[in-house]
Amino acid sequence: HGGTIHAVAFAESRNWAISSDDTGTILIWDLQRILHSNPILRWMQKQIIARLKSQHGPLTQIQVSLNGQYLLASAHDHSLLVWNLDQYNEPPRVLITHPDAEITKIAISSDHKLGISTTNSSQNNVFLWDLATGNKLLSFTGVPKPIQAMSITHNGRFIFLGSEGTITLWDLLHKEKIAMLEGHTGTVLDIQATLDGTFAISAGSDATLHLWKNSFVWPVLAQERYWKILPRSKT
């Protein structure tokens, strides 16, 4: 790389590793060659499969679909780039999300069809994209505050949005907010849901981790110094 490396990801189905930097460059690495047991062959073989270049400044986040087909990247100029890795030599689709807001989180649904991006704007800060066509399917205000964390459930139907002090759960099928998860006293910086949607775990600037059950009403685990018993959530 010719600059600071901002993000890395695996395309496990292809046995690739992918990295991006602040020159707008993405490198695709061949893990099979890198991990070759013969050090001489490892040194002789080409380890970089492709070098992708964008004209949109530093690429700060990257995500790869589970089937290895799509690469989603957020750029410093507030655009979202999508490469079809079956044709990685072709230019990416450029998706303009919000010209005046920074992209805070990106994700790809587990069925490989949807790209999701959030911004630090207080309005119209969640975007859903068709990765195959590049069309914007939906945009809405997930919370009236900058979004700092986001996670999508395995079935692609629900997303968790973390902001200052709260986590909001949205049903994308019905386009409605279905729960407010309250308990953090600082900004929610990350949240992840299990594949089956049974649990979610969140981390915040208040130095606490919260574990949420899918009913969103009962605390499920408490351990001093690490876990905090949760209050009943409001829906």
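Phe140 and Trp170 are both buried, a word that here stands for under 20% relative accessible area, with exposed being over 50% and partly exposed in between (1.4 Å probe, protein chains only). The model is a predicted one, in which local features need pLDDT of at least 70 and side-chain atom pairs count only at pLDDT 80 or more, while totals for chains, interfaces and linings use all residues. Residues are numbered from 1 along each chain as its sequence is written, and side-chain values use heavy atoms, with hydrogens and water left out.

Let me turn to the aromatic pairs. A pair of aromatic rings is described by the distance of the centres and the angle of the planes. Rings of Phe, Tyr and Trp (its six-membered ring) pair if their centres lie within 6.5 Å; planes under 30 degrees apart are called stacked, over 60 edge-to-face, and the rest tilted. The structure holds three such pairs.

Strands are DSSP runs (E, at least two residues), numbered from the N terminus. Trp16 has 10% relative accessibility and therefore counts as buried.

Phe140 and Trp170 form a tilted pair, with 4.4 Å centre to centre and 45° between the planes. Because Phe140 lies in strand β12 (residues 136-140) and Trp170 in strand β15 (residues 164-171), the pair ties together parts that are 30 residues apart in sequence.

Notes
Helix = DSSP H or I, 4+ residues; strand = E, 2+ residues; numbered from the N terminus.
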